[in-house]
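Work through the exercises below with the model open. Each task is followed by its solution in steps.

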Amino acid sequence: MTDTTSTRSALSFEVNRRPDPAQAETIAKVHENPGFGKTFTDHMVVIDWTADGGWANARVQPYGPFQLQPAAAVLHYAQEIFEGMKAYRHADGSVWTFRPEANAARFARSAKRLALPVLETEDFLESLRQLVAVDKEWVPDPGESGEKSLYLRPFMFASEAFLGVRPAKEVTYAVIASPAGAYFSGGLKPVNLWISTQYARAGAGGTGAAKCGGNYASSLAGQLEGMEHGCDQAVFLDSSTHTYIEELGGMNLFLVYKDGRIVTPELTGSILEGVTRGSILELAKEEGLTAEERRVPIQEWKDAAASGDLSEVFACGTAAVITPVGELRWEGGSCDHRRDGHEDTIATKLRTKLLDTQYGRAEDTHGWMTRLA
Ligand code: COI
């Protein structure tokens with residue numbers, strides 16, 4: 001637990017507050033039923049970068065539209081990356097975030113892959129502190145669901161107006177924030193998955209391990225295909241053999257076996273290294289489970305479901321935390337992982353452990369929490 005608001009950021013932030021911030025009643029109304037990604041706080045952070053001058057003009061300003069040239073490179077060549085994080089309000093009113101150094105490190109890796117400039121970890125962390133300090137009232141109490149938070153979305157894009165294909169010489173970094181409840185409208189209701197055979201999300205040597213908008217765009221046709229088959233999300237397989245499980249596009253996957261093994265696809269370069277995924281692997285070992293990171297054939301999933309060896313499947317990510325998988329469907333078949341109650345599942349146990357740490361209801365034995373405000 002890093003209880004500090006001091007900073008070693010090289011950037012100094014100018015704060016320009018909006019004259020008409022939302023009233024307490026308006027914020028309370030949003031907090032009643034925040035959903036996901038619908039409402040945004042009063043302010044945002046913006047930092048400019050140029051090839052000649054580096055990072056400059058770090059500021060907190062009123063939330064609002066960017067002025068962007070139609071020729072801005074991001075609109076044509078998708079040179080863009082982002083992160084997903086949450087700010088959690090603890091019982092004493094303080095506000096914390098979870099493993100932000102891991103997000104900062106992944107943001108830097110994504111930047112390198114997309115030929116964008118690296119924002120130093122301390123500047124990344126300071127941008128979060130600056131925004132949360134100004135919009136602290138927007139951080140909800142956990143509420144009855146025990147999982148309301150302020151979703152933080154740092155992102156960076158090529159803002160240079162230039163149609164030649166090369167790394168942009170003008171880039172914008174920003175952070176916006178949005179009160180969040182459950183990612184899926186059904187709450188902890190299991191999600192149904194469709195095996196996408198027509199589409200892959202990413203391929204060898206591509207951008208699959210980077211958190212860039214393009215990966216999410218490429219997952220949408222598969223998701224649509226899944227929705228046409230009555231599913232919520234698609235499972236993507238490896239692009240070369242179409243036999244190994246990769247991820248859902250916005251979430252990593254875990255298979256739980258009756259014999260106490262918990263298995264997730266290994267990081268092959270085309271899967272996103274989820275911060276929640278890594279944390280679950282650690283928590284699972286502490287629960288006495290045998291954690292395996294390896295290639296997982298889709299046939300193994302189907303066979304283990306048919307034989308009864310598989311007890312649970314769940315998806316995970318910052319936004320969705322841990323969400324149980326109900327049915328897996330494919331052309332001509334399906335298998336079902338639904339259970340009557342969720343109380344005694346491994347997914348629920350790990351989810352509770354994670355949320356209790358994030359909300360300060362349990363001791364942070366891993367040093368995963370950092371105070372923002
Ligand atoms: C997250 O879990 O934070 C994600 O980035 C997934 C999705 C909302 C894009």
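Helices and strands here are DSSP runs numbered from the N terminus, a helix having at least four residues (H or I) and a strand at least two (E). The model is predicted.

**Exercise 1.** Locate Ala115 and state whether it is buried, partly exposed or exposed.

Solution. Step 1: Ala115 sits in the loop that joins α3 to α4 (121-134). Step 2: buried means under 20% relative accessible area and exposed means over 50%. Step 3: the relative accessible area of Ala115 is 39%, so Ala115 is partly exposed. Step 4: as for the backbone, phi of Ala115 is positive, near 55°, in a residue other than glycine.

**Exercise 2.** Classify the packing of α3 against α4.

Solution. Step 1: the angle between α3 and α4 is about 120°, and their axes are 9 Å apart. Step 2: angles of 65 to 115 degrees count as roughly perpendicular and those over 145 as roughly antiparallel. Step 3: α3 and α4 are therefore oblique to each other. Step 4: their crossing is right-handed. Step 5: on the α3 side the contacts come from Pro100, Glu101, Asn103, Ala104 and Phe107, which meet Thr121, Phe124 and Leu125 of α4.

**Exercise 3.** Classify the packing of α6 against α8.

Solution. Step 1: α6 (residues 275-286) and α8 (residues 346-358) pack at about 110°, with axes 10 Å apart. Step 2: α6 and α8 are therefore roughly perpendicular. Step 3: this crossing is right-handed. Step 4: residues of α6 in contact include Ile280 and Leu283, and those of α8 are Leu350, Lys353 and Leu354.

**Exercise 4.** Check the length of α5 and describe its surroundings.

Solution. Step 1: α5 covers residues 213-228, and at 1.5 Å a residue its 16 residues should span 22 Å. Step 2: the end C-alpha atoms are 23 Å apart, which agrees. Step 4: the buried residues of α5 are Asn215, Tyr216, Ser219, Gly222, Glu225 and Gly226. Step 5: an α-helix has 3.6 residues a turn, so residues three or four places apart point the same way. Step 6: the buried residues of α5 pack against β4 (80-82), β9 (191-196) and β10 (233-236). Step 7: just after α5, Gly230 has a positive phi of about 75°.

Definitions and conventions: Residues numbered from 1 in each chain as written. Predicted model: local features only at pLDDT ≥ 70, side-chain atom pairs only at ≥ 80, totals over all residues. Heavy atoms only, no water. Expected span 1.5 Å × (residues − 1). Buried < 20%, exposed > 50% of the residue type's maximum accessible area, 1.4 Å probe, protein only. Contact = heavy atoms within 4.5 Å. Axes fitted to C-alpha atoms, helices over the stretch in contact; angles between N-to-C directions. Parallel < 35°, antiparallel > 145°, perpendicular 65-115°, else oblique. Left-handed = near helix turned anticlockwise from the far one by under 90°.
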